[in-house]
Amino acid sequence: MTASTAVSALQAALAAENAAIFGYGVAGAHLAGNSLAAAEQDWTTHNEARDTLAAMIRQLGAAPAATQAFYQLPFRVHDAASATALAAYLEDGVTRAYLGLVAVSDQQLRRFGALAMQGAAQRAAFWRGSTQAFPGLSTP
Amino acid sequence: MPDIVPRRRILLASATTLPLLLATAGCRSSSLFAGPDPLAGRPPLGHDVLTLQAVIASEESMINLYRAAINGDSGTTAQSRTLGPLLAQHEQHLAQLRARLIEPAGTPATPSQASRPAASAGGDGSASTGPGRVTTAQLRAAERASAASLVQRLATVEPALAQLFASIAASDATHVTVLAEKGLG
């Protein structure tokens, strides 16, 4: 697998992180108390991950893809329940994106992607209220 | 006159030259056939197969550990309610891992295919057999060790298998959180 494949996988992860940052901004507006605190913490985590990914992409000689001004939400978010569902949805997307990194040939990137998957899967489980057998894999 | 060799002459030529050709080919068989000798016995198992066997054995130990925790004398209803879904997910892991394992027919049973007694997690994350109560702390340690071990194995397996390992490791990591939050044991 080539460096360009690694860059593509990193860009996909970056896109998922950017979408999560946007989405948590929407979800946070409908949450309160501990849920809001958790959303803020996760939003910060995704910002840090975005910066890390952007630096990794630059290190490979590419330019990080710019964030979009607006992201189409998968469903209408109008209360705490839908905001919670959105947070789980976002984390599922991030988990899937990092799974792509696990398939590249670079061993360090594989490990990085696998560990990032664990964080995203744990956050998804928190918001969903249950765990999954195969996070990131639609059909194992 | 047509340029056709009579059939009798072809048969005669075959009878005299074929043994010579076979003898020559036999002397040079090692250079002519560079592939594996089909008569040399079963080829060694590939790296991915050996890795899968090890991961399957670990998953089976994990399942036995959960069963021991659920069925043990100290198991409470609340504990079973929490551990049951996690056990079910480990059984799904095992089914997927076994589905990826393609062994030649007649391969001797590996430790992973043999039935094992209930196990408890050792300090190094490996499972050791023995009676006694299985605590949630032991399950947590085993889950954490499993996730770490799977990530370690990512580097040397083909991409699709690496993704399955990473996904199972992520699942194990969520189990660690659940077990810690429930504070069971």
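Let's start with a pair of helices: in chain A, helix α1 (residues 3–28) and helix α2 (residues 33–59) pack at an angle of about 155 degrees, and their axes are 9 Å apart. That makes α1(A) roughly antiparallel to α2(A); angles over 145 degrees count as roughly antiparallel, under 35 as roughly parallel, 65 to 115 as roughly perpendicular, and the rest as oblique. The axes are lines fitted to C-alpha atoms, for helices over the stretch in contact, and the angles run from 0 to 180 degrees between N-to-C directions. The crossing of α1(A) and α2(A) is left-handed, meaning that the near helix is turned anticlockwise from the far one by less than a right angle. By class, the residues of this contact between α1(A) and α2(A) are 16 nonpolar, six polar and four charged. Here Ala, Val, Leu, Ile, Met, Phe, Trp, Tyr, Cys and Pro count as nonpolar, Asp, Glu, Lys and Arg as charged, and the others, Gly among them, as polar.

A word on what you are looking at. This is a predicted model, where local features need pLDDT of at least 70 and side-chain atom pairs count only at pLDDT 80 or more, while totals for chains, interfaces and linings use all residues. Residues are numbered from 1 along each chain as its sequence is written, with chains lettered from A and ligands numbered from 1 in the order in which they are written.

Now, the whole of chain A. It has four helices and zero strands, so the elements run α-α-α-α from the N terminus on; helices (H or I, at least four residues) and strands (E, at least two) are DSSP runs, numbered from the N terminus. The radius of gyration of chain A is 15 Å, close to the 14 Å that the globule rule gives for 140 residues, so chain A is as compact as a globular protein of that length. That radius is taken over C-alpha atoms, and the rule is 2.2 Å times the number of residues to the power 0.38.

Back to α1(A), which has another partner. The axes of α1(A) and helix α3 (residues 80–102) of chain A come within 8 Å and cross at roughly 170 degrees. α1(A) and α3(A) are therefore roughly antiparallel to each other. Their contact includes Ala16(A) and Tyr24(A) from α1(A), and Leu90(A) and Tyr98(A) from α3(A). Residues are in contact if their C-beta atoms, placed from the backbone, lie within 7 Å. The classes here are 18 nonpolar, three polar and one charged.

What does α3(A) pack against at about 165 degrees? The partner is helix α4 (residues 107–128) of chain A, with the axes 8 Å apart. α3(A) and α4(A) are therefore roughly antiparallel, and α3(A) passes α4(A) in a left-handed crossing. This contact of α3(A) with α4(A) has 16 nonpolar, three polar and five charged residues.

On to chain B, which has six helices and two strands, in the pattern α-α-α-α-β-β-α-α along the sequence.

How do the chains meet? The contact takes 23 residues from chain B and 23 residues from chain A. On the side of chain B that touches chain A, α4 (77–100), α5 (136–153) and α6 (159–182) of chain B each supply at least two residues. The largest share of that side, 14 residues, comes from α6(B). The residues of that side of chain B divide into 13 nonpolar, ten polar and no charged.

Definitions and conventions:
Two residues are in contact if their C-beta atoms, placed from the backbone, lie within 7 Å.
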